[in-house]
Amino acid sequence: MKRKVIAVMLAALTVCGAVTGCAGGGTTEGEAGTKTEDTTMEDAQEEKQEDAKKEDTEEEPYTVTMVLTGTQQRDEERIEEKINAILEPELNMKLDLIVLPWGSSIQQLQLMLSGDEKIDCFYTDSQHALQYMNNGQIADMTELIDKYGTNLKEIIGEYGLKSLSVGGFTIGIPVHFQEASVPGVFMRKDLVEKYNIDVSKIKEPADLGEVFAAVKAGEPNMDMLFSNGSTNGPLYRLGFTAYDPLGSSMGVLMDPTSGDTTVTNLYESDWYMDTAKMLYDWYKAGYINKDAATESESWSSLFKAGQVFSMITGDHPGILTEFEVSTGYEFEVVDFTDVAIKKSNYYSDIIYAIAQNSEDPDKTMQCLDYMYGSADIMNLLNWGEEGVDYVYIDEEKDIIDYPEGVTLDNVGYSFNLAWELPNGRLTHLWKGSDPDVNKKTEEMNEKGINSTAFGFIFDSTGMDTQIAALDNVYNQYAPSIGSGTVDPEEYVPKFVEALKTAGVDTVIEEKQKQLDAYLEQNK
C-alpha cells in the first residue's frame, strides 16, 4: 500500500496521466538497425534517442505526486494502476495523485508546500500561485515549457502560456476546458415541477425569493440555496459579470466591459452591499442553512443527500451534465445574463504549478505535457475504467453511461470534474449531454466580451505584509457576509474599516499602477 500524505489530510486520491499517440508522449522503442557510412545525421539522432530511452527504462520509474481537489473515490488505486500501465511504458514514470477535500484543500496544500512532504505538481489559481512564488514554493516553468511543452504549445498556444509569466517567472500552465461562463441558478427539476414554479418569471437573482418561499412551504426541512463562505458561495458566483477581481478581490474593476479602468474597493460598492442584503434576507427567512459560513460539505454531496433545492453558480456548456451525474437529480437552469465576460483571469483561474521541492521538475513537466494530450488518461481520471465504471452507449458521439447494475451510489470511481483536469475537453460525454458541447463551448468563448483588463496578472511581490494582513481580515469577515449569515449593514462597514487598517488602499494603488502600465503596453 503506497504512502499517503500528511496527517492533517482528510482524503487522498490517486490519478495522473499519459496516453499513447499524443504529441510529445515519447517514441516507440524499435530496433536500431545496421548503420553504414551513409548514415545521416537524422538517423544518428534517432538512434541516440532510442539508446537514451533504453537507458531510461533501466532506471526505477519516477513517481510524480500530483494534487487535486475533490471527493475521494473508493476505487482510486484501481484507476491509478490503469493510468500507470500507460505511463510507465511511455515515460518510465508513475503518478500518485492526491485529492484534497474542498473544505480544507488550500490549508492542506499550504502545509504540504511549507513542509517536506513529497509534492511535484498541483491544481491552483494564479493568485495563490503568486503567493507561492513569493514564498519560494514553486518552480519557474519557463524553461520547462520550452523544453517539454510539445502538447502545451499546440493545445494552449503561445499567448496562453505566456500569460502566466510574471516578471519572467512562469507560475503555471492553464487548463484546457471552458473559460467563459455566466451566473445562473440550478434548481432541482422535480421540485420545480412539483410546486409549479414558472421559471420564465425569474429574470434576476432577487426573483428567487418567491421561488424559495413556495418550495420551502412544502419542504420545510430542506435548505433552499446552497451557500458557504468559499468561492462556491452565491455572492462570489453572482459576481461573475458584476466585476473583474483583477486576480484578488482587493481592488477590482466594477463593470469590466465599460472601459472604465479605475481600480476600486469591491467591498465599498453598492453591488456588494445590495447582494449581501439579499442573501441575509434569505438567511433570516430560513432559506440558507444556519452554518453556511463554515459549511465544509461539497455542494454535490448535499444535493445527493436531498438537503438542498438550488445553487447559484457559473453556467456554461456541459456543466448541467456535471450537476446531474454528481447528484442523481435533473436540474432546471436559469441564467441571469446572456453574455459571458472573459476576465483578467481568463487563462489563470485554473492552472497547474510545479512545487519547488519537486525531486525532478523535468520529469514532472514531461508528465504534465503528456497528460494534456492524453484522452485515455483524462478519461481514466474523470470517469474511471471502461466496462467497470462506465460503458459506451454511443461510441460515435463519445457518449457514456453507467454499466448495468452500477449507479451513482455504488460506482467505484467517478471523479466528474473535467474542468479541473489538465485537458477536460478530451473527456467522454455523459448520457444526456449535447454531442456538440465542445463546439458550443468554443462559440461561447468566442462570443464572450473581453474585460478591459483581459490577461492582466497583479504581481504582489514586495507586499507580503499587506497581503497577509488583508487575507486575515478577509477570512474574518467575508465568509459570513458572503454566505448571507450576518447583517451586512453591521458587518460590511467593520470589514471595510479593517481592510483599510490592513493596507487595502496601498494594494489598490499598486494594482492601479500595474494595470495602467499593462494597458499602455497592450494598446
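Select tryptophan 102 first. This is a predicted model, and in it tryptophan 102 is partly exposed, because its relative accessibility of 28% falls between the 20% and 50% cut-offs.

Now show both rings. Their centres are 6.2 Å apart and their planes stand at 25°, so tryptophan 102 and tryptophan 419 are stacked. Colour by position along the chain. Tryptophan 102 sits in the loop between strand 2 (93-100) and helix 3 (105-114). Tryptophan 419 sits in the loop between strand 16 (399-401) and strand 17 (429-430). The pair links distant parts of the chain, 317 residues apart.

**A second stacked pair**

Select phenylalanine 186 and phenylalanine 323. Their rings are stacked too, at 4.4 Å centre to centre with 25° between the planes. Phenylalanine 186 belongs to strand 7 (residues 182-188), and phenylalanine 323 to helix 13 (residues 319-327). They are 137 residues apart in the chain. Are these two phenylalanines buried or exposed? Both phenylalanine 186 and phenylalanine 323 are buried.

Across the model, the count of aromatic pairs is 25.

**The largest nonpolar core**

Stay with the phenylalanines and select phenylalanine 309. Show what touches it, leaving out residues up to four places away in sequence. The list includes Phe186 and Phe303, along with Met187, Leu191, Val211, Phe212 and Met224. Arg188 and Asp223 are also among the residues that phenylalanine 309 touches.

Which residues touch the most other members of the largest nonpolar core? They are Trp282, Phe309 and Phe495, in a core of 61 residues. Helix 11 gives the most to this core, with eight residues.

**Along helix 11**

Select helix 11 (270-284). It has 15 residues and reaches 21 Å from its first C-alpha to its last, close to the 21 Å expected at 1.5 Å a residue. Show its buried side chains: Tyr272, Met273, Thr275, Ala276, Met278, Leu279, Tyr280, Trp282 and Tyr283.

What covers these buried residues of helix 11? The cover includes helix 9, strand 8, helix 10 (234-238), helix 17 (464-483) and helix 18 (488-502). Now step past the end of the helix. Glycine 286 follows helix 11, and its phi is positive, near 85°.

Strand 8 leads to the next stop.

Strand 8 pairs with strand 11 (residues 308-315) in the parallel sense, over two bridges. Select leucine 225 and look across: serine 310 in strand 11 stands opposite.

**Loops with positive phi**

Which residues besides glycine have a positive phi? Aspartate 255 is one of them, at about 55°. Aspartate 255 is in the loop between strand 10 (253-254) and helix 11. Aspartate 255 counts as partly exposed, at 44% relative accessibility.

Asparagine 196 is another residue other than glycine with a positive phi, near 50°. Find it in the loop between helix 8 (189-194) and helix 9 (208-218). With a relative accessible area of 68%, asparagine 196 is over the 50% limit and so exposed.

Glutamate 204 is also in the loop between helix 8 and helix 9. Glutamate 204 is partly exposed, at 45% relative accessibility. Draw a distance from glutamate 204 to valine 334: it reads 9.3 Å, C-alpha to C-alpha, for residues 130 apart in sequence.

**Zoom out**

Show the whole chain. There are 19 helices and 18 strands in it. Of its 523 residues, 55% are buried. Among contacts with a separation of 6 or more, 79% join residues 24 or more positions apart.

Notes
Residues numbered from 1 in each chain as written. Predicted model: local features only at pLDDT ≥ 70, side-chain atom pairs only at ≥ 80, totals over all residues. Heavy atoms only, no water. Helix = DSSP H or I, 4+ residues; strand = E, 2+ residues; numbered from the N terminus. Buried < 20%, exposed > 50% of the residue type's maximum accessible area, 1.4 Å probe, protein only. Core = buried A, V, L, I, M, F, W, Y, C linked by side-chain atoms within 4.5 Å. Contact = heavy atoms within 4.5 Å. Pairing = 2+ DSSP bridges. Expected span 1.5 Å × (residues − 1). Phe/Tyr/Trp six-rings, centres within 6.5 Å; stacked < 30°, edge-to-face > 60°.
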